[in-house]
Amino acid sequence: MAPERHPGPPASSGPPGPGEPLLTMHGISKSFPGVRALDGVDLDVTAGETHCLLGQNGAGKSTLIKVLAGAHQPDAGEIRWQGTPVVLKSPAAAMGLGIATIYQELDLVEHLSVAENVFLGHERATMGFVRSREARTATAAILGRLGHPEIDPGAPVGSLSAAGQQIASMARALSHDVRLIVMDEPSAALDPDEVGNLFRIVAGLTGAGVAVVYISHRLEEIRQVGDRVTVLKDGRAAARGLAARTTATRDIVTLMTGRTVEHTFPVRQHTAPPGPSATTATTEDRAPTPTPAPATALTPTPTPTSVPTPVPTPALTAQGLTRRGEFAPLDFDLYPGEILGLAGLVGSGRSEILETVFGARRPTAGRVLVDGRPLRPGSVPAAVRAGLGLAPEERKSQALLLLEPVHRNVSVSSLPRFSRAGWLDRAAERSAARTAARNLSLRPDDPDRPVRTLSGGNQQKAVLARWLLRGCRVLLLDEPTRGVDVGARAELYALVRRLADDGVAVLLVSSELPEVLGLADRVLVLREGRVVHEGSAAALDEHRVLDLVMAGSADTARGDRP
Ligand SMILES: Nc1ncnc2c1ncn2[C@@H]1O[C@H](COP(=O)(O)OP(=O)(O)OP(=O)(O)O)[C@@H](O)[C@H]1O
């Protein structure tokens with residue numbers, strides 16, 4: 001797909017001269033109380049290029065793009081647009097120049113239609129009202145240019161998938177005369193085929209002369225989509241304008257982290273997963289109820305003369321667990337020390353399964369057992385009491401107390417432990433929470449900082465630290481590394497494996513297949529709410545999983561969902 005036309009430059013300014021950058025940011029600094037988020041950063045972006053902005057969590061990427069979007073005022077530095085100094089006093093001022101930003105957390109109004117969102121507050125809206133027929137026609141044209149003519153401009157934005165909402169956000173950007181688009185982790189919520197479409201959109205935009213500033217923690221994307229790379233580290237530019245296609249990933253990682261990150265995935269302790277399913281099987285082969293015959297790393301390997309080893313009790317069992325319309329009857333056992341991955345496309349029921357196990361959704365049939373004991377359905381407190389912990393996909397809305405300090409976010413599920421005769425021992429609470437946060441290298445190392453002021457990756461670490469402190473038996477991880485940088489990812493993977501080695505059972509959902517295959521011992525592959533394959537992670541590769549999740553999806557009508 002390629003947009004049919006290059007959205008023309010704003011009437012007030014001409015195109016940059018030959019070799020002249022479209023945008024130059026020079027010596028940009030920005031401090032928040034107690035933090036120097038940006039310390040003299042330089043960035044230049046040329047028309048028609050994809051300029052990747054990389055950096056660890058908290059490096060300053062979001063702050064820099066908020067300065068560019070007119071949402072933050074810098075304390076020092078200069079911004080030039082086509083060679084002329086400008087002050088971006090507000091988002092409207094940035095938009096007036098043709099600078100659009102697509103944030104990670106899309107700022108769409110869910111109950112309004114796609115067209116209304118696209119033209120909300122638009123200069124083309126009359127007296128504040130969006131003329132609906134015109135808006136729909138114009139929106140349909142832009143959606144077509146974005147390769148998504150099937151999206152109905154009249155549909156409420158809240159009814160679209162994550163990918164659809166992102167397209168709506170891009171349509172809004174393109175409804176203006178855009179010259180530079182900032183995309184903040186645009187691939188984070190997308191399936192592999194949707195990422196392909198995103199890359200086509202980026203190529204179409206740059207081909208038409210629009211500049212794209214692209215932020216991602218997925219380094220393999222940089223080579224595919226990027227022209228040049230600027231690396232931020234601790235609020236400074238560690239490198240500027242590197243060639244995206246030829247700079248070695250290892251070198252970029254070293255610039256980002258100040259060290260080499262060699263082994264992404266920790267070594268598995270077991271040669272075979274501890275559960276009963278070390279073998280590979282498709283659903284057709286699976287018995288309707290699981291047969292517990294585990295050879296486990298927790299029990300010694302039997303010698304020919306030894307007595308049979310006792311069968312360990314699964315930490316978590318799903319028996320016929322069902323949610324009509326979301327996922328079909330599901331049976332699995334998850335053993336202490338095991339990491340079980342759920343692989344499938346967005347919408348395959350992965351997150352719904354985790355939330356149902358955790359009691360946040362009530363099953364329509366079936367049950368969950370923890371250590372062999374049935375769990376009260378649809379009750380989060382019962383699940384937490386039984387030793388379950390969930391790190392949800394939407395951490396901001398579902399897990400974090402945004403206005404509370406880091407230490408309270410970490411300790412909130414363990415508060416009774418710090419209660420002394422009805423009083424909360426704040427010093428003990430704060431100190432324990434700080435230790436848990438430090439174990440995850442949460443930055444900054446300040447337990448009193450409101451969690452809303454942390455970078456996205458560090459917010460994720462706060463959620464994980466909560467369950468680390470609580471010491472749960474079963475950890476449910478939904479997209480645990482979304483927004484987490486490459487160095488912290490390796491730390492998180494090592495941590496999850498360490499927890500498993502200490503006997504925690506982990507149920508893992510991730511859109512990133514290498515993550516599921518690299519971290520899990522065993523994998524259930526889901527398609528449209530059904531398990532289509534179960535087997536050892538080591539026996540699977542990405543192609544095989546993609547074949548399994550894609551096969552037949554075209555001929556499965558929506559109404560066929562379980
Ligand atoms: N509104 C704010 N108030 C206080 N501190 C802030 C605020 N916004 C950002 N910070 C701090 O500024 C630093 C840079 O944060 P920023 O969000 O720019 O990082 P980032 O590179 O985008 O990280 P991530 O990859 O995790 O999104 C961090 O230490 C963060 O805690």
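Biologist: Among contacts in the protein between residues at least 6 apart in sequence, what share joins residues at least 24 apart?
Modeller: The share is 69%. Two residues are in contact if their C-beta atoms, placed from the backbone, lie within 7 Å. This is a predicted model: local features need pLDDT of at least 70, side-chain atom pairs count only at pLDDT 80 or more, and totals for chains, interfaces and linings use all residues. Residues are numbered from 1 along each chain as its sequence is written.

Biologist: Why is V86 called partly exposed?
Modeller: A residue is buried if 20 or more other C-beta atoms lie within 10 Å of its own, exposed if 12 or fewer, and partly exposed in between, with C-beta atoms placed from the backbone. V86 has 18 C-beta neighbours inside 10 Å, so it counts as partly exposed. V86 is found in strand β5 (residues 84-86). Not counting residues up to four places away in sequence, V86 touches I79, R80, W81 and L97.

Biologist: What makes L476 buried or exposed?
Modeller: Its count is 27 C-beta neighbours inside 10 Å, and therefore L476 is buried. The residue sits in strand β20 (residues 474-478). Beyond four places in sequence, L476 is in contact with L354, V357, F358, L388, G389, L390 and L507. L508 is 32 residues away from L476 in sequence, yet their C-alpha atoms are 6.1 Å apart. Over the 562 residues of the protein, 47% count as buried.

Biologist: What makes a set of residues a nonpolar core?
Modeller: The set must consist of buried Ala, Val, Leu, Ile, Met, Phe, Trp, Tyr and Cys residues joined through C-beta atoms within 7 Å. The largest such core has 77 residues, and those with the most contacts inside it are A462, A465, V474, L476, V506, L507 and L508. Helix α14 gives the most to this core, with seven residues. Another core lies apart from it, with 72 residues, among them A138, A168, I215 and A244.

Biologist: Why is α14 called largely enclosed by the rest of the structure?
Modeller: 15 of the 15 residues of α14 are buried, so the description holds. Helices (H or I, at least four residues) and strands (E, at least two) are DSSP runs, numbered from the N terminus. The protein has 17 helices and 23 strands.

Biologist: What does the rule give for α4 (residues 132-145)?
Modeller: Its 14 residues should span 20 Å, and the end C-alpha atoms are 20 Å apart, which agrees. Buried residues in α4 are A135, R136, A138, T139, I142, L143 and R145. They pack against α3 (114-119) and α5 (162-174).

Biologist: Why do β13 (327-334) and β16 (373-374) stand at the edges of their sheet?
Modeller: Two strands pair if DSSP finds at least two bridges between them. Each of β13 and β16 has a single partner strand, so one side of each is left without a neighbour in the sheet. The sheet is open, has four strands in the order β13-β12-β15-β16, and pairs antiparallel. Between β12 (residues 316-323) and β13 there are five bridges, and A318 stands opposite F332 in β13.

Biologist: What makes β9 (residues 228-233) and β3 (residues 50-55) a pair, and in which sense do they run?
Modeller: Five bridges join them, and they run parallel. The partner of C52 in β9 is V229. Five bridges also join β9 to β10 (residues 236-243), in the antiparallel sense, where V229 has L242 as its partner. β9 and β10 form a hairpin with two residues between them, and D234 in the turn has a positive phi of about 50 degrees.

Key
Expected span 1.5 Å × (residues − 1).
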